[in-house]
Amino acid sequence: KSNENHSLSTQNIQDLIQSGPDEHSGLTGIELIEKKVKEFVVMGGTFPSGKGEWNFSGNMPGVTKFVFDNLTLPVTFSGFEIGIRIKTGKKFNELDEHTPLYQGFLHFSRNAPWVKENYKGEILDNASFDQTAVLYAVRGGLGTYWDKVENGYCEIDDNGDNRWVEGEKTNHSYLKLTHEPEKMAGLIESIMLNDF
C-alpha cells in the first residue's frame with residue numbers, strides 16, 4: 001500500500017519484521033534482519049526529545065514505535081537537531097547545469113515545501129538531514145564529528161513523539177554533533193562532489 005503523504009521507509013521495515021518465510025528465503029523477516037544487518041542508522045526524531053518529527057510520524061500512527069520496540073540489533077539515531085544546523089546545496093550552483101547533482105538539487109529548491117518560497121532561480125542551501133546519517137553509516141566519525149549518547153533508549157509514542165530515557169545500556173544510541181556545522185557542510189559537499 002502506498003500513499004504519497006506517507007514516508008514509507010519505516011512501514012517497509014515493519015512489514016519486513018512481521019513477514020514470514022517465503023519463496024525467496026526460509027527465514028522470517030526478523031531473522032533476515034538479524035543475519036544481514038549490522039546496525040540501523042536512522043535519520044529521525046529529535047534528541048533528547050521532540051514532537052512529531054516527520055520521519056517518526058509520517059502519518060503512520062504506531063509504526064515507528066513498533067519498529068524500534070522490536071529491533072534487537074544496534075540502532076543509532078541522527079536527529080533533526082543535527083541536520084537542521086548543517087546547510088548544504090548552494091555550492092552546487094557552480095556545477096554544469098546538466099549534471100544529475102545540479103538538476104536534483106535545483107528540483108528540490110523549486111519544489112520542497114519548506115524551501116520553495118525562497119526560490120529565485122538557483123539552488124538554495126538546505127538542512128542536511130539524510131546526509132548526516134549516511135556520513136555516520138559510511139565513515140563513522142565518533143570523536144571527530146560527533147559523540148554517541150548511550151545508556152538509555154529512545155521512547156517513541158504512537159504519534160511519533162520521542163524522548164531519550166536514561167538508564168542502562170540498550171541497543172539504542174543517538175549522535176551528538178561536536179564539529180562546527182559549517183565545516184561539516186563543507187565536508188558533506190566535498191564528498192558529494194567527489195572532491196575529498
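My entries on the helix and the salt bridges follow.

**Before I start.** I noted that this is a predicted model, where local features need pLDDT of at least 70, side-chain atom pairs count only at pLDDT 80 or more, and totals for chains, interfaces and linings use all residues. Residues are numbered from 1 along each chain as its sequence is written, and side-chain values use heavy atoms, with hydrogens and water left out.

**Entry 1: helix α1.** I checked which residues of α1 (residues 9-18) are buried, and found Thr10, Gln14 and Ile17. They span an arc of only 60° around the axis, so they sit on the same side of α1. The arc is taken from the directions from the helix axis to the C-beta atoms.

Helices (H or I, at least four residues) and strands (E, at least two) are DSSP runs, numbered from the N terminus.

What do the buried residues of α1 pack against? I got α2 (29-36), α3 (54-57) and α4 (63-70), with contact meaning heavy atoms within 4.5 Å.

**Entry 2: salt bridges.** I used this rule: a side-chain nitrogen of Lys or Arg within 4 Å of a carboxyl oxygen of Asp or Glu. The count comes to 6 salt bridges, and I looked up some of them.

**Entry 3: Glu39 and Lys148.** Their side chains meet at 3.6 Å, N to O. Glu39 is in the loop between α2 and β1 (40-43), while Lys148 is in strand β6 (residues 146-149), 109 residues apart. Glu39 is partly exposed at 28%, and Lys148 is partly exposed at 25%.

**Entry 4: Asp161 and Lys51.** This salt bridge is 3.5 Å, N to O. Asp161 lies in the loop between β7 (152-156) and β8 (162-166) and Lys51 in the loop between β2 (49-50) and α3, so the pair ties together parts 110 residues apart in sequence.

**Entry 5: Glu150 and Lys169.** I read 3.1 Å, N to O, for this salt bridge. Glu150 is in the loop between β6 and β7, and Lys169 is in the loop between β8 and β9 (172-177), 19 residues apart. Glu150 counts as partly exposed at 36%, whereas Lys169 is exposed at 52%.

Definitions and conventions
Buried < 20%, exposed > 50% of the residue type's maximum accessible area, 1.4 Å probe, protein only.
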